[in-house]
Amino acid sequence: MVNDFRLVRPKTLPEALGLLDEFGQEIEPVAGGTDLLVKLEDGRIRPSQVMDLSALNELKQIRLVGEDLHLGALVTHTAVLESPLTRTEAPLLVMGCRTVGSTQIRNMGTLGGNLATASPAGDSIPALVALEAKVVLASKKGERTLPVEDFLVGPGKTERRREELIKEIILPCAREGEKGFYNKLGQRNALAISIANVAVWVRLGERKNTLSRVRIAFGALAPTVKRGRMVEDALTDRELDEASLKGITQLAWKEVAPITDIRASAQYRRDMAIALLYQSLYHILFLS
Ligand SMILES: Cc1cc2nc3c(=O)[nH]c(=O)nc-3n(C[C@H](O)[C@H](O)[C@H](O)COP(=O)(O)OP(=O)(O)OC[C@H]3O[C@@H](n4cnc5c(N)ncnc54)[C@H](O)[C@@H]3O)c2cc1C
């Protein structure tokens with residue numbers, strides 16, 4: 001049952017930050033509403049004010065700044081899929097956003113909303129963590145920038161303060177010799193929350209079948225999206241074949257800390273972490 005609340009619709013970012021500064025404890029921002037409306041409907045949150053961000057056009061831009069890509073918090077998953085800039089500069093993020101919900105959800109749902117919701121299963125987040133993206137938080141007092149990995153502190157919990165808005169996400173543009181793969185296991189191909197997922201980003205080494213840099217992010221396999229640093233190190237600067245890949249990806253078992261819930265058991269999730277990682281790296285090394 002939705003409670004009564006006052007709806008405010010600032011037209012500029014400074015106006016929005018002023019409202020948050022004044023009413024931070026009582027006000028809930030809403031972007032696409034695909035997460036927030038569910039929480040309002042079932043009474044999990046009861047804000048006295050809801051701040052509709054949809055008029056803040058400055059947060060809808062995708063821009064190239066030097067060697068980085070800046071994505072405004074209100075960029076939708078569909079905009080990520082359709083932008084020529086993200087397709088060339090952030091193909092791993094495109095792969096993640098493509099698996100979000102359905103066309104309707106992707107049309108409304110935003111990157112900022114996905115990040116603020118901080119679901120361990122959020123589909124844009126593994127790519128952001130693997131790409132070592134940063135999140136810019138704005139308040140009336142100024143801005144601060146955090147690695148996305150540090151921004152996420154638990155299921156539904158982030159470092160965002162009540163008076164802050166996510167302003168944008170910054171990630172390094174893809175370079176020659178870099179490849180990525182996002183691999184999601186759900187109960188269906190669409191409208192399915194991840195049972196487990198993995199985003200892999202690599203820089204190919206000079207020698208055949210070697211990787212000079214590797215970054216791995218596991219989703220739905222721990223309280224937050226989690227880097228797999230042990231596996232990354234084991235994969236770097238060594239010649240890989242099917243057998244060694246199979247051996248090293250077993251290490252994923254030690255990197256994750258999944259739970260048992262209605263979607264799958266912890267044991268199944270661990271097994272799938274290994275399988276998804278093996279499949280992703282096999283694809284990058286031997287099939288693409
Ligand atoms: C049917 C259905 C299927 C779904 N499937 C998937 C899926 O497959 N994968 C997946 O990852 N997600 C899925 N979702 C969840 C959701 O669509 C995404 O998390 C989406 O990206 C949320 O974005 P939004 O703009 O709609 O967020 P909103 O609902 O508007 O906001 C979500 C939260 O973020 C806060 N917020 C929003 N923008 C900002 C900002 N700029 N600064 C600070 N706080 C902000 C809000 O206050 C709220 O707490 C699904 C949801 C539904 C209803």
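Which helix and strands each supply at least two residues of the lining of the second largest pocket? They are helix 5 (91-98), strand 11 (178-185), strand 12 (196-204) and strand 13 (211-219). Helices (H or I, at least four residues) and strands (E, at least two) are DSSP runs, numbered from the N terminus.

Before going further, a word on what you are looking at. This is a predicted model, in which local features need pLDDT of at least 70 and side-chain atom pairs count only at pLDDT 80 or more, while totals for chains, interfaces and linings use all residues. Residues are numbered from 1 along each chain as its sequence is written, and side-chain values use heavy atoms, with hydrogens and water left out.

The lining divides into nine nonpolar, one polar and ten charged residues. In this count Ala, Val, Leu, Ile, Met, Phe, Trp, Tyr, Cys and Pro are nonpolar, Asp, Glu, Lys and Arg are charged, and the others, Gly among them, are polar.

The domain bounds come from an automatic or database domain assignment. The C-alpha centres of domain 1 and domain 2 are 22 Å apart, and 16 residues of domain 1 are in contact (heavy atoms within 4.5 Å) with 16 residues of domain 2.

Three strands form an open sheet with parallel pairing, in the order 1-3-2. Its edge strands, each pairing on one side only, are strand 1 (6-8) and strand 2 (27-30). Two strands pair if DSSP finds at least two bridges between them. Neighbouring strands of this sheet are turned by 25° against each other on average, direction ignored. Within it, Val 8 stands opposite Met 51 in strand 3.

Helix 1 (residues 13-23) lies across strand 1, strand 2 and strand 3, and runs at about 165° to strand 3. Axes are lines fitted to C-alpha atoms, for helices over the stretch in contact, and angles run from 0 to 180 degrees between N-to-C directions. Helix 1 also lies across strand 6 and strand 10, at about 125° to strand 10.

Five strands make up another open sheet, antiparallel in its pairing and ordered 4-5-10-6-7. Strand 4 (62-65) and strand 7 are the edge strands, each pairing on one side only. Strand 6 and strand 7 form a hairpin with two residues between them. The hairpin of strand 4 and strand 5 also has two residues between the strands, and there Gly 66 takes a positive phi near 60°.

| Strands | Sense | Bridges |
|---|---|---|
| strand 1 and strand 3 (residues 49-52) | parallel | three bridges |
| strand 4 and strand 5 | antiparallel | four bridges |
| strand 5 (residues 68-72) and strand 10 (residues 165-172) | antiparallel | five bridges |
| strand 6 (residues 134-139) and strand 7 (residues 142-147) | antiparallel | six bridges |
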